[in-house]
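Let's take a walk through the aromatic side of this protein. Have a look at the structure first, then we'll go through it ring by ring.

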Amino acid sequence: MKWLVLLGLVAFSECIVKIPLRRVKTMRNTLSGKKMLNSFLKEHAYRLSQISFRASNLTINPLRNIMDMLYVGKITIGTPPQEFQVVFNTGSSDLLVPSINCLSPTKRPCSKQDKFKHHQSSTFRFTNDTFRIYFGSGTMRGVVAHDTVRIGDLVSTDQPFGLIFLETWLDIPFDGILGLNYPNISFSGAIPIFDKLKNEGAFSEPVFAFYLNKDKQEGSVVMFGGVDHRYYKGELNWVPLIHPGEWSVPLDRISMRRKVIACSGGCEALVGTGTALILGPRTVVENIQKHIGATRQCFEYFVSCSAVYALPSIVFTINGINYPVPPQAYLVKDSRDQCYSPFQVNRANPSAETWILGDIFLRRYFSVFDRGNDRIGLARAV
């Protein structure tokens with residue numbers, strides 16, 4: 001009987017597809033990028049956002065994780081495969097990569113990252129469907145195309161994705177975005193890659209999970225089709241979604257030193273890998289900055305690094321369970337040995353009591369996104 005159980009565990013682990021994630025520094029952490037970053041924040045700071053597709057206007061979350069470290073993983077597109085480093089983003093539903101023909105408004109090539117050479121793929125096909133994303137002072141345009149996409153051992157043939165031909169992004173340390181949200185927020189209306197693979201029976205379980213290593217550049221992972229229990233301690237706490245169709249959970253309150261500092265009557269939190277930060281309403285975020293003694297410099301808040309041992313944990317209570325985030329986790333030291341606060345205003349909705357718990361939170365807690373049961377599982381990461 002013991003051998004049967006062991007064989008079952010081995011078979012189950014083999015059904016999980018794991019994609020290594022690598023932590024990369026963004027422009028926020030380079031001295032040369034400081035002026036560019038401040039300019040970008042001033043012009044684009046979450047001011048956006050509408051996507052136009054077939055005369056429809058839909059709201060999406062803009063890319064928010066330019067201020068800290070990102071976690072990127074490898075996929076391939078096309079036949080023969082072309083490799084791309086993408087952010088696996090639970091805040092969006094579409095796969096987006098730049099075309100080899102992508103240009104900036106000044107007619108220069110887009111970012112210096114890898115671009116898709118569609119003319120070299122025998123399985124590529126265009127569609128007549130175009131899209132346009134409007135930013136505060138820029139735009140992104142492209143076309144919906146189809147090709148074979150590979151995520152580890154997972155293969156999605158004739159997968160729709162967004163091929164970008166015009167963009168105003170700054171140089172960024174990744175090639176594209178792979179969305180893992182529900183299909184109802186897909187800007188193109190096309191089936192997201194996770195849903196297509198799920199419908200084709202590619203997964204043992206319709207789940208994916210993130211382990212984000214907080215200490216090392218390597219060691220992080222996104223896994224599909226099951227959960228490797230070696231990445232967390234104790235039991236998973238399952239939280240039903242408030243709105244099946246997006247990764248939103250009930251947030252009971254936020255507290256410090258046993259005193260409620262936000263969300264006193266309960267509110268909503270989006271759990272997302274689309275940002276490295278923790279985003280919330282303006283007045284509450286400013287209050288948190290005061291509680292931790294942060295001072296504002298341009299668009300950021302800094303705290304003395306020596307204060308990390310005196311500051312309290314910030315506790316997020318989700319569905320009756322406390323999830324403390326200590327100062328060692330929520331204060332981030334940059335390349336200039338300055339510690340900055342990751343609490344920022346959710347500019348997409350600055351007044352509503354809606355929070356976005358990004359990588360700062362998820363580095364502390366292993367997360368499981370269960371599409372089969374419309375819930376999220378959280379446990380202390382190892």
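Are tyrosine 182 and tryptophan 247 buried or exposed? Both are buried. Keep in mind that this is a predicted model, with a mean pLDDT of 82 for the protein and 80% of the residues at 70 or more. Residues 1–13 fall below 50, and this stretch has three contacts in the model beyond near neighbours in sequence. Residues 27–68 also stay under 50, and there the model has 110 contacts beyond four places in sequence.

Now to the rings, where the count comes to 26 aromatic pairs. For tyrosine 182 and tryptophan 247, the ring centres are 5.0 Å apart and the planes meet at 55°, so this pair is tilted. Tyrosine 182 sits in the loop between strand S10 (176–179) and helix H3 (193–199), while tryptophan 247 is in the loop between strand S13 (232–240) and strand S14 (248–256), so the pair ties together parts that are 65 residues apart in sequence.

Phenylalanine 208 and phenylalanine 210 make another pair: with centres 6.2 Å apart and planes at 85°, they count as edge-to-face. Phenylalanine 208 is buried at 0% relative accessibility, and phenylalanine 210 is buried too, at 2%.

Both pairs belong to one aromatic cluster, made up of Phe88, Tyr182, Phe194, Phe203, Phe208, Phe210, Phe224, Trp247 and Phe369.

The charged end of arginine 371 sits over the ring of tyrosine 182, 4.3 Å from its centre. Arginine 375, for its part, lies over the face of tryptophan 238, 3.7 Å from the ring centre.

Methods. Residues numbered from 1 in each chain as written. Predicted model: local features only at pLDDT ≥ 70, side-chain atom pairs only at ≥ 80, totals over all residues. Heavy atoms only, no water. pLDDT = per-residue confidence, 0-100. Contact = heavy atoms within 4.5 Å. Phe/Tyr/Trp six-rings, centres within 6.5 Å; stacked < 30°, edge-to-face > 60°. Helix = DSSP H or I, 4+ residues; strand = E, 2+ residues; numbered from the N terminus. Buried < 20%, exposed > 50% of the residue type's maximum accessible area, 1.4 Å probe, protein only. Lys NZ or Arg CZ within 6 Å of the ring centre and 35° of its normal.
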